[in-house]
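Biologist: I am new to this structure. Please give me a close look at one part of it, then connect it to the rest.

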Amino acid sequence: MDTRDPLHDPLLAGDRRALARAITLVESTRADHRERAAALLDGLRGAGGEALRIGLSGTPGVGKSTFIEAFGLMLTGQGKRVAVLAVDPSSARTGGSILGDKTRMEQLSREPRAFIRPSPSASHLGGVARRTREAVALCEAAGFDVVLIETVGVGQSETLVAQISDLFVLLLAPAGGDELQGVKRGIMEIADLILVNKADGDLRATATRTVADYAGALRLLRKRPTDPEGFPKALPVSALESAGLARAWDEMRSLADWRRAEGHWDATRAGQAAHWFEEEVRAGLLARLDTPEARARMADLAREVATGTRAARAAATDMLQMLRGA
Ligand code: GDP
């Protein structure tokens with residue numbers, strides 16, 4: 001008997017509607033949907049192709065959507081299939097999304113070789129990232145060559161996106177030396193490529209100086225074993241004028257090729273898979289705390305601990321005992 005999901009074959013054939021429906025299953029909170037999504041993903045393992053997964057971060061207004069539109073159109077123009085996904089920290093709180101607005105990336109969204117998907121709304125950022133990682137796997141099965149994972153630069157989301165990506169690109173605005181200090185060291189440390197956007201018109205000279213500043217700052221960072229000579233790199237681009245994009249793409253490809261040849265690519269992906277496995281287990285355990293019974297018991301025990309009727313450790317043991325049976 002064929003137990004394959006009806007979405008399996010159309011997905012492998014690259015059908016975008018099947019892909020959209022599969023992602024909806026992945027994002028669903030319904031138990032039957034989740035089960036179906038898990039089986040579908042498991043059945044697709046090893047099938048389809050391998051995309052270049054590019055994480056892209058930058059603060060609001062830096063030009064992410066303008067960049068993705070121009071960069072995506074350049075790639076689709078070369079015959080590549082490009083998927084754009086988002087990890088939006090605000091969607092976890094509001095259900096809104098950085099890619100929810102359909103007017104963003106208008107041209108790219110009309111392109112048959114492109115697929116654009118807003119951020120899932122989940123109850124917390126970790127959940128958004130987990131679901132996005134599964135959406136990336138679905139895009140790969142559907143034969144996309146490049147998957148861009150966009151996030152707003154506000155802290156924790158970049159680290160999560162870096163755990164989904166092969167390459168991490170940071171988009172920055174031309175700025176004075178003082179503002180450079182404001183870029184968190186943690187973000188610089190995970191960036192493979194810093195693109196200083198808006199290197200055009202009046203901002204061109206500032207952008208050139210900013211690139212030099214960042215290049216200097218990058219040289220001060222400890223060299224990572226996963227980088228060839230010269231990386232991480234800083235480059236100027238103008239998303240508005242589509243300038244510097246081909247160079248940026250060349251750099252991304254050469255870095256990816258080097259990592260493949262040196263064995264870092266597979267090792268990184270294996271490490272990421274292990275990381276997300278642990279995250280799934282952790283999330284599953286935490287979900288057990290999120291039932292009415294568990295919440296009520298937690299509240300009772302917390303009261304007993306607060307009033308000194310029970311010791312914290314003994315109360316926790318009680319709670320864990322209850323969860324074990326869940
Ligand atoms: P996002 O919030 O990061 O997605 O930024 P947007 O792509 O919406 O761009 C914010 C503003 O910056 C818009 O007014 C864009 O037209 C402008 N912008 C984006 N890229 C460039 C660029 O390369 N040069 C210039 N001069 N402006 C740009």
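What is the relative accessible area of Lys198?

Modeller: Lys198 has a relative accessible area of 30%, so it counts as partly exposed. Buried means under 20%, exposed over 50%, and partly exposed lies in between, with a 1.4 Å probe and protein chains only. This is a predicted model, in which local features need pLDDT of at least 70, side-chain atom pairs count only at pLDDT 80 or more, and totals for chains, interfaces and linings use all residues. Residues are numbered from 1 along each chain as its sequence is written, and side-chain values use heavy atoms, without hydrogens and water.

Lys198 sits in the loop between β6 (193-196) and α11. Helices (H or I, at least four residues) and strands (E, at least two) are DSSP runs, numbered from the N terminus. Lys198 is not a glycine, yet its phi is positive, near 70 degrees. Ser242 also has a positive phi without being a glycine, at about 50 degrees. Its place is the loop between β7 and α12 (245-262). With a relative accessible area of 45%, Ser242 counts as partly exposed.

Another loop holds a backbone feature too. Pro232 lies between α11 (204-219) and β7 (233-236). The peptide bond between Phe231 and Pro232 is cis, with omega about -5 degrees.

Ile194 belongs to the largest nonpolar core, which has 49 residues. Such a core is a set of buried Ala, Val, Leu, Ile, Met, Phe, Trp, Tyr and Cys residues joined through side-chain atoms within 4.5 Å. Ile194 is one of those with the most contacts inside this core, along with Leu11, Leu19, Leu138 and Val147. Helix α7 (residues 125-141) gives the most to this core: eight residues. Beyond four places in sequence, Ile194 is in contact (heavy atoms within 4.5 Å) with residues including Leu170, Leu172, Tyr214 and Leu235. Apart from this core lies another, of 34 residues, and Leu193 is among them.

Next, the ligand. Around it stand 15 residues, and Gly61, Lys64, Thr66, Arg104 and Asp200 come nearest. Here, near means a heavy atom within 4 Å. A polar side-chain atom of Asp200 is 2.7 Å from a ligand nitrogen. Thr66 places a side-chain N or O atom 2.6 Å from a ligand oxygen. Lys64 uses a backbone N or O atom, 2.7 Å from a ligand oxygen. The ligand taken alone exposes 580 Å², and the protein buries 70% of that. These areas come from the Shrake-Rupley method with a 1.4 Å probe, and for residues only the protein chains shown count as cover.

Helix α4 (residues 64-77) contains Thr76. Thr76 counts as buried because its relative accessibility is 1%. A polar atom of its side chain lies 3.1 Å from the backbone oxygen of Leu73. Contacts of Thr76 beyond four places in sequence are Val82, Leu108, Glu111, Arg113 and Ala114.

Last, Arg269 in helix α13 (residues 264-288). Its relative accessibility is 14%, so Arg269 counts as buried. A polar contact of 3.2 Å links its side chain to that of Glu140. That term means a pair of N or O atoms within 3.5 Å; within protein, one must be able to donate a hydrogen and the other to accept it, and residues adjacent in sequence count only if both atoms are side-chain atoms. Arg269 also touches Glu50, Ala51, Arg53 and Asp166.
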